[in-house]
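Dear colleague,

I am passing on the structure below, and I would be grateful if you could look through it alongside the notes that come after it.

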Amino acid sequence: MQWQDRRLLDLFGIDHPILQAPMAGVTSPQMAIATSEAGALGSIAGAMLSLDGLRQEFQLVKQGTSRPFNVNFFVHKPPTVDDARDAAWRRKLAGYYSELSVAADAKGPSRAAFDGAACELVLEFKPKVASFHFGLPDKSLMQRLKAAGILVIASATTAEEARWLEGEGVDAVIAQGAEAGGHRGMFLTHDVSRQPGTMALVPQVVDAVKVPVIAAGGIGDGRGIAAALALGAAGAQIGTAFMLAPEARTGALHREALKKANDNSTTLTNVFTGRPARGIVNRIVSEMGPMSAEAPAFPLAAEATQPLRGPAETRGSTDFTPLWSGQAPTLAREMPAGELVKTMVRETGAVLDRMRR
């Protein structure tokens with residue numbers, strides 16, 4: 001496949017303008033290796049890993065491939081704990097705690113933001129790309145990454161956010177449409193109801209910035225990649241389509257939910273973590289949200305909801321599992337990640353050929 005637009009290929013040193021999304025809890029080193037070996041940009045997700053866990057993933061990927069790969073982090077500002085709000089949220093969850101025999105004060109793990117220690121680890125292993133969600137890290141950390149020759153990219157959910165990212169020195173912008181699964185990367189706005197879809201967002205971001213734009217949201221096959229390129233994007237970031245790959249850490253119950261889902265199975269909800277994220281509607285989303293003004297700020301809400309997940313899953317239930325998914329779950333395919341990349345490349349080529357006729 002000969003790509004006419006080589007901006008991302010030359011920037012990242014890859015063969016195909018496809019980025020495997022760094023999905024925390026789903027992405028594995030094996031997925032990143034397979035994707036990168038197939039000529040796309042594989043990714044690992046640092047958002048929920050300890051430093052030791054991140055080091056292990058870096059080591060595995062470095063041992064498995066010499067091709068470029070990406071590491072992703074959240075860069076949220078740690079919130080001020082509001083004891084009254086937390087207590088009120090736990091009171092709303094009290095019935096669930098009782099039903100599942102979970103202690104009312106049980107706490108799940110939180111999510112750490114990118115900091116100096118994580119930066120040191122990135123500088124040690126020097127991935128080709130570091131990507132960020134919810135904005136960018138402190139300027140001093142950005143400068144250290146850039147000085148080491150590490151490319152920096154980040155998510156934007158509006159043209160305004162894309163312009164801000166470009167002004168801060170990113171090498172490319174990920175235009176995340178409302179269709180995308182998982183957490184919204186929004187950071188200059190909080191009104192999720194006004195988030196544009198991929199088809200509307202991408203050309204406006206392309207017009208707003210000079211750096212390459214990577215389309216994300218609802219893209220799961222060659223048709224979507226070709227559409228992104230037609231809109232002016234230099235490539236596409238793809239997440240949900242990889243979630244049924246054998247290399248994915250997607251749990252068995254989550255896999256089954258994805259297989260049963262369709263185009264109207266998902267919604268944006270903040271009940272799991274405190275920030276809007278797209279996932280398949282389940283009991284807690286229906287009963288507590290999908291958007292709740294009472295949920296504690298990200299990531300504090302997760303400390304209260306996460307303890308419900310394990311006991312429910314033990315009973316075979318996904319009532320309290322964050323079933324992250326984009327709006328195109330039916331495009332997810334049960335095939336190895338490397339084969340999926342090759343298949344999408346062939347599909348894209350076929351679509352582009354038809355468009356040229």
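This is a predicted model: local features need pLDDT of at least 70, side-chain atom pairs count only at pLDDT 80 or more; totals for chains, interfaces and linings use all residues.

Residues are numbered from 1 along each chain as its sequence is written, and side-chain values use heavy atoms, with hydrogens and water left out.

Helix packing

Helices (H or I, at least four residues) and strands (E, at least two) are taken as DSSP runs and numbered from the N terminus. Helix 5 (residues 116-125) packs with helix 6 (residues 139-147) at an angle of about 5°, and their axes are 10 Å apart; the axes are lines fitted to C-alpha atoms, for helices over the stretch in contact, and the angles run from 0 to 180 degrees between N-to-C directions. Helix 5 and helix 6 are therefore roughly parallel to each other, on a scale where angles under 35 degrees count as roughly parallel, over 145 as roughly antiparallel, 65 to 115 as roughly perpendicular and the rest as oblique. On the helix 5 side the contact (heavy atoms within 4.5 Å) is made by Gly116, Cys119, Glu120, Val122 and Leu123, and on the helix 6 side by Leu141, Arg144 and Leu145. These residues divide into five nonpolar, one polar and two charged, where Ala, Val, Leu, Ile, Met, Phe, Trp, Tyr, Cys and Pro count as nonpolar, Asp, Glu, Lys and Arg as charged, and the others, Gly among them, as polar.

Aromatic rings

Rings of Phe, Tyr and Trp (its six-membered ring) are paired if their centres lie within 6.5 Å, with planes under 30 degrees apart counting as stacked, over 60 as edge-to-face and the rest as tilted. By this rule the count comes to 11 aromatic pairs. In one of these pairs, the rings of Phe58 and Phe125 have their centres 4.9 Å apart and their planes at 15°, so the pair is stacked. Phe58 lies in helix 3 (residues 51-64) and Phe125 in helix 5, so this pair ties together parts that are 67 residues apart in sequence. Phe58 counts as buried at 0% relative accessibility, and Phe125 is also buried, with a relative accessible area of 11%; buried means under 20% relative accessible area, exposed over 50% and partly exposed in between (1.4 Å probe, protein chains only). Ring pairs link Phe58, Phe69 and Phe125 into a cluster.

The charged end of Arg275 sits over the ring of Phe134, 3.9 Å from its centre, and also over the ring of Phe298, 5.7 Å from its centre; the criterion is that NZ of Lys or CZ of Arg is within 6 Å of the ring centre and within 35 degrees of the ring normal.

Backbone geometry

Phe134, in the loop between strand 4 (129-133) and helix 6, has a positive phi of about 80° although it is not a glycine, and it is buried with a relative accessible area of 5%. Ser101, in the loop between helix 4 (83-99) and helix 5, likewise has a positive phi, near 55°, but Ser101 counts as exposed at 66% relative accessibility.

The peptide bond from Gly289 to Pro290 is cis, with omega near 10°, and Pro290 is found in the loop between helix 11 (283-288) and helix 12 (300-314). A cis peptide bond also joins Phe298 and Pro299, with omega about 0°, and Pro299 lies in the loop between helix 11 and helix 12.

Buried residues

Leu54, in helix 3, is buried with a relative accessible area of 2%. Leaving aside neighbours within four places in sequence, Leu54 is in contact with Ile44, Gly46, Leu49, Val71, Phe73 and Leu121, and its C-alpha atom is separated by 9.5 Å from that of Val71, 17 residues apart along the chain.

Ile225, found in helix 9 (residues 222-230), counts as buried at 0% relative accessibility. Not counting residues up to four places away in sequence, Ile225 touches Ile18, Ile219, Ala236, Ile238, Met344 and Thr348.

Ala175 lies in strand 6 (residues 172-176) and is buried, with a relative accessible area of 0%. Among the residues in contact with Ala175, leaving aside neighbours within four places in sequence, are Ala156, Leu201, Val202 and Ile214.
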